[in-house]
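These are my notes from going through one model.

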Amino acid sequence: MKLKKYQIDKLIKDIQNSFKMDYAQAEEIVESFKNLLENNNTKFIYDLNYTIFHRRNHKFTKQILNMIVDTYAYLFEEASDDMERKIIRSYFEKLFDVVFIDRCQYSKQLEEKSKTTQKILQHTTKRLNETLETQELMIANISHEMRTSLNAINGYLAIISDKDVLQGEDKQYLSKATHATRTLKELVSDILSVTKLNSGQLEIQQSNFWLDKMLIKCIDNIALMLQKKPKLHLRTDIEFVPFRVYGDQNHIMEIIINILSNAVKYTDSGYISLSMKTKQTSDNNVAISFVIADTGIGMTSQQLETIFSPYSRFKTERQGLGLGMHIAHQLAKKLNGNLTVESVFGKGSIFKFDIDMKIADDKKLDIKSRNICILNKKNYNDTYKQRISFLEEQGANVKVFDNENEFINYLLTIQDNVPEYVSIIATIEGYTKFDALIYYLKTLPIFAKTIFIAENYHQHISLNYFDEIYEYFAPIDLYARNKTQDLQKFESRVDISILAIDDTETNLDILSLFISKKYPNITLDLANGGYEGIGMFKIKKYDMVMLDLKMPGLDGFEVFNKLKELGSPLPPVYAFSADIYKSNIDKVEEYGFAGMIEKPLQPQKLYKIIERIMHESNN
């Protein structure tokens with residue numbers, strides 16, 4: 001068949017448009033195609049095959065296929081008879097074969113590449129998992145060794161500090177050593193937190209807690225840092241609520257402490273303010289907003305962009321690894337909260353942490369008709385005002401004094417409606433005087449049920465006769481406490497026997513010091529290693545067992561299994577470990593331990609467990 005001139009012109013134009021060629025190149029291609037149709041010259045087919053093979057570009061091949069389809073449809077439609085259509089079909093079948101074979105080869109190559117890629121990915125995933133397991137094991141071992149040492153250092157320093165036998169320079173050295181140990185512990189905790197976040201090991205642990213009580217703990221964590229900066233003051237504006245909330249208290253505290261410590265680090269004078277506002281969004285939910293502002297060095301726009309990146313500590317003389325804000329930001333996201341920051345260079349920063357939480361379904365605060373007497377001769381900050389309003393809204397009878405003589409005369413002459421709570425906010429000198437007054441008041445029968453509270457607002461002093469002492473402000477649930485019940489509970493305690501099994505002598509020593517100091521009547525037996533612990537358990541009955549998990553010979557899990565094989569009912573067995581990875585915590589739960597006690601040892605948490613064991617033994 002012969003191509004007409006208008007058909008040749010159309011094909012040249014189509015090739016130019018599709019392949020961005022000049023006229024001469026397109027004309028040459030059409031001429032070769034014309035020789036195929038008119039003279040059976042197969043050069044066009046070979047050239048096409050070579051071009052496709054040489055290019056090895058599936059997009060280019062697809063363009064050629066589209067061009068062939070369009071040309072075939074056009075010429076087939078233009079054919080004058082069946083003979084021409086038959087010729088067109090035969091040649092275009094050969095062209096389709098060229099493209100089809102190339103597409104098949106390309107698909108085969110893709111399949112082979114896919115298989116190769118799959119093998120590489122499987123191998124890489126396997127190596128990555130092995131690396132993560134090795135990393136987890138390495139961090140766990142490092143964590144165990146570091147925390148074991150920190151446990152000993154913290155414990156011995158605490159014992160020396162409590163004895164209060166050092167004077168002058170020696171006492172100052174002890175304070176510096178304690179501060180250095182606390183800094184080291186924070187660095188270790190930061191590194192472990194980042195490791196857990198990056199490896200997906202972070203575990204959300206929820207419980208019921210009071211919001212204001214949580215904030216007191218946060219402030220206590222930075223109290224030493226604040227004491228070293230006399231020109232820096234902490235302001236609080238806490239909105240009290242009559243209910244507990246349900247959430248991950250420890251990780252929320254970690255966020256707030258990281259922000260507070262960062263504010264203290266970069267603020268030398270002026271103030272740091274901590275505020276908490278709440279808005280009940282339904283019967284079961286409350287929206288909470290924590291705002292921490294400071295008058296520190298502030299941040300530039302460039303620093304703001306990287307504030308939540310790891311190791312982004314600004315180039316100053318300040319200490320730290322630059323992990324605190326990164327950890328806080330990641331934790332906020334894990335808890336479905338939102339952490340934002342605003343800052344002006346040279347003027348300060350404002351961090352805002354918003355989170356929604358459930359209202360706990362346990363008993364609400366009940367202080368109706370409680371008699372509360374307060375002396376405030378120091379300051380009237382926002383938190384103090386909020387608390388007075390809150391107590392009155394909840395139905396308490398609140399009597400406030402700002403004159404010391406009137407307050408003392410009231411307590412010495414009162415006959416009826418004796419206050420169940422006496423809260424004093426005074427100067428250091430005033431507290432010394434009031435400590436002696438309280439000693440006298442406690443000799444009077446009418447004050448037998450009264451709880452005396454010291455709120456000294458960031459001043460560390462030693463008091464002997466106050467029932468409760470708070471560095472900043474008292475928690476709101478304190479005013480629902482009953483001293484008579486507390487006394488009865490204390491008197492009803494029974495002595496218990498505890499077995500502690502650990503291969504490290506310093507751990508046993510610290511444990512013994514803490515327990516004997518708080519509970520001198522408790523029988524504490526110490527076993528140096530798993531085999532000795534099993535032997536002691538066979539010949540004596542215990543109310544509680546504390547078992548170190550990482551020991552040579554028999555580890556804690558093996559010892560626990562052997563204790564279960566002895567047949568007799570097991571008392572509560574608590575794992576004692578520095579390895580706080582989720583996998584280890586899960587394993588502890590799977591084995592049936594009563595819980596885990598973390599190293600370095602935190603005395604208050606230990607005492608809480610012992611109190612619970614005492615209560616269960618009594619019942």
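Is Lys-229 buried or exposed? I find Lys-229 buried, at 17% relative accessibility; I take buried as under 20% relative accessible area, exposed as over 50%, and partly exposed as in between, with a 1.4 Å probe and protein chains only. The model is predicted, so I kept local features only at pLDDT of at least 70 and side-chain atom pairs only at pLDDT 80 or more, while totals for chains, interfaces and linings use all residues. Residues are numbered from 1 along each chain as its sequence is written, and side-chain values use heavy atoms, with hydrogens and water left out.

**Entry 1: salt bridges**

I searched the whole structure and got 13 salt bridges. My criterion was a side-chain nitrogen of Lys or Arg within 4 Å of a carboxyl oxygen of Asp or Glu.

I looked up the partner of Lys-229 and found Asp-268, with the closest N and O atoms 3.0 Å apart. Lys-229 is in the loop between helix 7 (211–227) and strand 2 (232–238), and Asp-268 is in the loop between helix 8 (249–265) and strand 4 (270–280), so the bridge ties together parts 39 residues apart in sequence. Helices (H or I, at least four residues) and strands (E, at least two) are DSSP runs numbered from the N terminus. Asp-268 is partly exposed, at 45% relative accessible area.

I then checked Lys-277, which forms a salt bridge with Asp-237 at 3.2 Å, N to O. This pair links strand 4, which holds Lys-277, to strand 2, which holds Asp-237, over 40 residues. Lys-277 is partly exposed, with a relative accessible area of 33%.

I also noted the bridge between Asp-362 and Arg-244, where the closest N and O atoms are 2.3 Å apart. Asp-362 sits in the loop between strand 7 (348–359) and strand 8 (371–376), and Arg-244 in the loop between strand 2 and strand 3 (245–247), 118 residues apart. Both ends are partly exposed: Asp-362 has a relative accessible area of 21%, and Arg-244 has 24%.

**Entry 2: nonpolar cores**

Which residues touch the most other members of the largest nonpolar core? I get Ile-252, Ile-256, Phe-290 and Tyr-479, in a core of 70 residues. A core here is a set of buried Ala, Val, Leu, Ile, Met, Phe, Trp, Tyr and Cys residues joined through side-chain atoms within 4.5 Å. Helix 8 gives the largest share of this core, nine residues. Domain 1 (207–359) and domain 2 (371–481) each supply at least three residues to the core; the bounds come from an automatic or database domain assignment.

I listed contacts of Tyr-479 (heavy atoms within 4.5 Å). Leaving aside neighbours within four places in sequence, they include Ile-367, Arg-387, Tyr-421, Ser-423 and Ala-474. Another core, of 26 residues, lies apart from the largest one, with Ile-8, Val-30, Tyr-74 and Leu-95 among its members.

**Entry 3: rings**

I counted 15 aromatic pairs in the whole structure. Rings of Phe, Tyr and Trp (its six-membered ring) pair if their centres lie within 6.5 Å; planes under 30 degrees apart count as stacked, over 60 as edge-to-face and the rest as tilted.

The rings of Phe-240 and Phe-390 have centres 6.1 Å apart and planes at 40°, so I logged the pair as tilted. Phe-240 is in the loop between strand 2 and strand 3 and Phe-390 in helix 11 (residues 382–393), 150 residues apart. Phe-240 and Phe-390 are both buried.

For Phe-557 and Phe-593 the centres are 6.0 Å apart and the planes at 90°, so this pair is edge-to-face. Phe-557 and Phe-593 are both buried too. I also found one aromatic cluster made of Phe-401, Phe-407, Tyr-410 and Phe-434.

I looked for charges over rings (NZ of Lys or CZ of Arg within 6 Å of the ring centre and within 35 degrees of the ring normal). Lys-10 lies over Tyr-74, 4.5 Å from the ring centre. Arg-235 has its charged end over the ring of Tyr-271, at 3.9 Å from the centre.

**Entry 4: two single residues**

I looked up Leu-411 in helix 12 (residues 404–413) and found it buried at 2% relative accessibility. Beyond four places in sequence, Leu-411 touches Pro-419, Val-422, Leu-437, Leu-441 and Phe-447.

Ser-423 lies in strand 10 (residues 421–425) and is buried, with a relative accessible area of 0%. Its contacts beyond four places in sequence include Cys-373, Arg-387, Glu-455 and Tyr-479.
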